[in-house]
Structure formats: C-alpha cells, structure tokens
Amino acid sequence: MRVIATAGHVDHGKSTLIRLLTGMEPDRWAEERRRGLTIDLGFAWTTLPGGPVAFVDVPGHERFTTNMLAGVGPVPAAMLVVAADEGWMPQSAEHLAALDGLGVRHGLLVVTRADLADPGPALVEARGHLAGTSLHGVRSVAVSGRTGEGLDGLRAALDEVARALPEPDPAADVRLWVDRSFTVRGAGTVVTGTLGAGTVSVGDELELGGRRVPVRGLQSLGEPVERVGGVARVAVNLRGVERDQVGRGDALLTPGAWPAVRELDVRLSAPEVPARLVLHVGSAAVPAHVRPLGAGTARLVLARPLPLRAGDRGLLRDPGLHRIAAGVVVLDVRPPALDRRGAARLRGLDLTGDVAASHLRHRGLVTARELRSLGFDDAGVPVGEWRADPDHWAELVRRAPEAVAAWRAEQPLAAGMPADVLARRLDVPAELVAAVVDQAGLRLVDGRVPTTAALPAPVERAVAAVEADLARSPFAAPDANRLAGLGLGPRELAAAVRVGRLVRVADGVVLAPDAPRRAAAVLADLPAPFTAGQAKAALGTTRRVALPLLELLDSLGLTRRLPDDTRVVR
C-alpha cells in the first residue's frame, strides 16, 4: 500500500478529488459535510495499476491546521491542491511550509477547477512557490472535478508517485502514531494511524504509554487482516485499553525499542525562532522550549516525552502567529547536559559534524542496540555488543595497567586483581574487562589479572629465613610457632607459593619448590614397596610433613600408592 496526504487551501477541491478517485466520502462528520469543509482527518482508498493507495484528506482551514499537521506528519507523499480560479492562498503557503519542513520530496501538484478558469496562471504561480522547497520539480496536472476532465491523467500521475516511493523495512521497529481513537461496540477501543514501517500482527504486544497492550484485531482498507506491514493505513483494536487512555499524538511502539524523549538536539530550517513553540511530529503536538545552540541548531525541552530517534523530522509552529516557525531534524535524543559556561556554544559546534561520533565522545561506551534505538548508524570501536569512542577506548587500555599496578601496591599479597574490581576502577561494564585486559597486554586467569610483583620487604625477609631453614633440613617444614615468629600467616605463605618461592604441602606446611623431586630421589633408594613410616624415617621428617608430602608425590605422579597403603616410586 502507498499513502498520500492531501494539502492545500480550504475549499480548493481536495475532498472532491478524493471522492472522484475513490468513490468514498472522506468528510466523516456530519458537521464537515454540512459546512462543506474538512474539519478533521478523512481517509479513503482506491486501487491504481501499481497497487492500493490510501489518502489522508487533511483540513485546509487555518483554524484546523493542527489537524492537518497530524495527518501530514507520518505520510511520505502529498498531493498539493490549488484552485485555478483562486490561485495560491494563505493555507497553500502554510501547507507547503509544513511539507517542506517535514522533508516530503514525493508528491504531485494538482490545479483544480480547470473548467472555471485557465489553469496555466495558477500552475505557474504554484511552481514559483514550490521552487526551493523539497517539492520542487514535482509533476503537475490540471483537473476539473465537475466535468471529470484530467482525472485519468491524475490517476496515472498518482500511480507514478506511488511507485516511486521508497520501500519500507518490514522488520523495522513499529511506531504507529495515533490520529484517531474510538470505541466499537463489542470490540472495545480502536485506534487508527499510518504505519510507516515495520509489521503488526494480531496477538502482538505493543507499548502504549509505558505499558504493554495486546493487539486484538487489525483492519486495513476496511478489511480485517491478521498481519499488516508499512506503509499502510491501519486500524488497531486494542485489548484492555479504555477510550480515554489513548488519543491523537500517542504512539503504539515495539516494546523497549523507542526512547521516551523530553530533551533533544535538533537542526532548524530557520536561523532564529521564538523560545516557546509547539513541536509537531507524527500526529503529536507538544509545547516546546527552544534554546539556541548556534549554527542552526537548538536544544528542545518538551512538555511531555515523545518516542523519537535521530533522523526524525518535525515542525515548530507558533500558535500565536499561526505560522510554521521552522522545520526540524532530530540530531540527538540523549544529549549531554549544558551545565557549564559556554557549553551551549560547544554543543552547537559538536552538532555540525558527525553526531553519532559526538554522542559517543560524550558517553564513552554505548551498546550497539542503544545506538540503533537512538537512530544512529553503527559507529565507534566495536567491542562485542558495545561501541566505544576511539579516544575513550585508547584511554581505558592505557589506564588498565596503571589500575592493576595501583591494586598491586594496595594488596601486595593478593593473588591478582579481581575483574570486577578492575571494572569499577575503570568504570566499564564487567563484560568489557576481558577485552580491555587483552588490548592492554595483560592476562585474565580465573577472573583475576595475575600480579607478579616481588614480595613486600618484611615477607621477603621471612621467606628467606624459611629458605635457609630448608636448605639445612629440606623436609623439616617450619612449624606453626616458627612461622608465626617470622610473621608468615596464610596470606603471606600463599603469596610466597604464588611467586614460586615455596611449595604448599598442606595447610601450614611449606617446603622448598624442589622438595617433591628431591623426596622422590630419596625414596627411590628404599626397597620397594615402602611404608609411610619408612618414608618418614628416610626423609628425616615428622608424620605432620611425611603424610601430606606422600599424597603430593602421588598427585604429581612421582609415586604410586598400592592397595595395602605401601608405595613405589614410578
């Protein structure tokens, strides 16, 4: 399906054209038909050679401009209507300003009432106004709603416009701006809108105002469907939603995919705008405070949050002067705080370059998923599911060894720096520690970055004393009193073992690193097999040392224990 909005001054024949093209009545309300003008949005559809086309018929009267913006906002193409007998009028200009501000590039200029006046002058005048806008160079046709002259050409031109529209992404995140909501007896609350991209199916859960709501039913072009993809006019029957809980300007969203935005940085199409305006985006109209940043950029603070992304387009309208103040392009929906002198000017300079790169500079690290949800293309240094600002990543890699060295100084007896401690010191997510450690030329073993520093001086002296004892009696492990007198507790002994100065035989039992090999050599001279008592006597040690030492030799494969508890040297 393709969706096209009408635009133009009041009573220039927009609704008449829709009736002739579709055979349907776009003016839904009796008041509209009585007064002969469109007050609210109307919808109709037809089938052209290229496929179905739906029309959003927007009101042309100045007092109903906000309704017009709600209809034009989500639509990718427009049919701008100008009457031959009246020519360019005030609402023609405002509607064109809206289309230009929204960046609508696909469209058609239609001069109506060709039976009442020569369409040539109105066509020339209108083309002059279109020059320099996003709709410059669009095709034009002249028609008469009364005689039907030119309608075949109009259908052909509309078909050409519809075929030229870009194909939407069926896998895109859903954002359906609600332009109408009502209650259907026996079904409940129904909302309508233009689905720009993505796919909605019956049974899906969508997000509305921060809560999830099930899709009970769908209609498109007046027919029930199980599934609909953008671009399409769609009616959605919601389960568990009261009529007063949803209205124009709300949006149905893919859960968790769209940030709720109250502050955003934008590019303006005008050099200066008032400080207080109304932002129109999608079908929403929200008061906004505008803070200039320089170079045609500004910070908007909204009266209520909206689901927005970088790249979205909207309009700033001055409701007092009844005019479009500027078109806006959203640049960043998670902008940095402006809490320092000169911050606004610097931010304005940031926004003249690569905004995704600027966003990463301010944030340092962002997940790829968050970048996508903010509307940015992939950027920065890829680190698994994360993306890092290049300078920030280089700084993390540089600081990692410093953080490990500082930890080493603080905890000289520790086995290594725990990964979670390093994550906190560097202020990075825990899942990125391995990548930082690897890039820094360090190692991660059993959740720690090993430390290889020398023993602290007091521990070094104590271990040297133990080494001297063992040099005299290799298998006479120092007892608890000797170790305590030297100040060697469990942590100090563990550190000595870790750096290879001692070998642990059992709790509180340490020997020189070569003790197992030397013990095996001694035991090899015994008649095989030998008992634990014979081993103890040969080694000249105590049962406290001999038994765990024999078990250590077994585990190292130097001896083999037999069923009768005797041993042989392998």
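Predicted model: local features only at pLDDT ≥ 70, side-chain atom pairs only at ≥ 80, totals over all residues.
A polar contact is a pair of N or O atoms within 3.5 Å; within protein, one atom must be able to donate a hydrogen and the other to accept it, and residues adjacent in sequence count only if both atoms are side-chain atoms.

**Around Arg398**

- Arg398 belongs to helix H10, which covers residues 390-410.
- With a relative accessible area of 43%, Arg398 is partly exposed, because that class lies between the 20% limit for buried and the 50% limit for exposed.
- Val436 is 38 residues away from Arg398 in sequence, yet their C-alpha atoms are 9.2 Å apart in space.

**Strand S9 and its two partners**

- Strand S9 runs over residues 188-195, and seven of its eight residues are buried, so the strand is mostly covered.
- One partner of S9 is strand S8 (residues 180-184), and the two pair in the antiparallel sense over five bridges.
- Within this pairing, Phe182 has Val190 of S9 as its bridge partner.
- Three residues lie between the strands in the hairpin of S8 and S9, where Gly186 takes a positive phi near 85 degrees.
- Strand S15 (residues 232-238) also pairs with S9 in the antiparallel sense, here over seven bridges.
- In that pairing, Val236 in S15 stands opposite Val191.

- Strand S11 (residues 205-208) and strand S12 (residues 211-220) are antiparallel and share four bridges.
- Glu207 stands opposite Arg212, a residue of S12.
- This hairpin has two residues between its strands, and Gly209 takes a positive phi near 60 degrees there.

**Nonpolar cores**

- The largest nonpolar core holds 44 residues, and Leu279 and Leu306 have the most contacts inside it.
- Several elements give two or more residues to this core, including strand S17 (260-268), strand S19 (284-294), strand S20 (297-307), helix H7 (343-350) and helix H8 (355-363).
- Leaving out residues up to four places away in sequence, Leu279 touches a set of residues that includes Ala284, Val286, Leu300, Leu302, Leu306, Leu315 and Val328.
- Another core lies apart from this one; it has 31 residues, among them Ala462, Val503, Val505 and Leu549.
- As general background, nonpolar side chains tend to be buried together in soluble globular proteins.

- Thr199 sits in strand S10 (residues 199-201).
- Its relative accessibility is 19%, so Thr199 counts as buried under the 20% cut-off.
- The side chain of Thr199 reaches the backbone oxygen of Pro170 at 2.8 Å.
- Beyond its neighbours within four places in sequence, Thr199 is in contact with residues including Pro170, Ala172, Asp204, Arg227 and Gly229.
- His9 is in the loop between strand S1 (2-8) and helix H1 (14-22).
- A relative accessible area of 9% makes His9 buried, and its side chain reaches the backbone nitrogen of Gln91 at 3.2 Å.

**Backbone details in the loops**

- The peptide bond between Ala528 and Pro529 is cis, with omega at about -5 degrees.
- Pro529 is found in the loop between helix H16 (515-523) and helix H17 (532-539).
- Arg113 is a residue other than glycine with a positive phi, near 60 degrees.
- The loop between strand S5 (106-112) and helix H5 (119-130) holds Arg113, which counts as buried at 18% relative accessibility.
- Asp427, also not a glycine, has a positive phi near 60 degrees.
- Asp427 lies in the loop between helix H11 (419-426) and helix H12 (433-439), and at 66% relative accessibility it counts as exposed.

**Aromatic rings**

- Arg309 lies over the face of Trp258, at 3.7 Å from the ring centre.
- For pairs of aromatic rings, with ring centres required to lie within 6.5 Å, the count comes to zero.

Notes:
Residues numbered from 1 in each chain as written. Heavy atoms only, no water. Phe/Tyr/Trp six-rings, centres within 6.5 Å; stacked < 30°, edge-to-face > 60°. Lys NZ or Arg CZ within 6 Å of the ring centre and 35° of its normal. Buried < 20%, exposed > 50% of the residue type's maximum accessible area, 1.4 Å probe, protein only. Pairing = 2+ DSSP bridges. Core = buried A, V, L, I, M, F, W, Y, C linked by side-chain atoms within 4.5 Å. Contact = heavy atoms within 4.5 Å.
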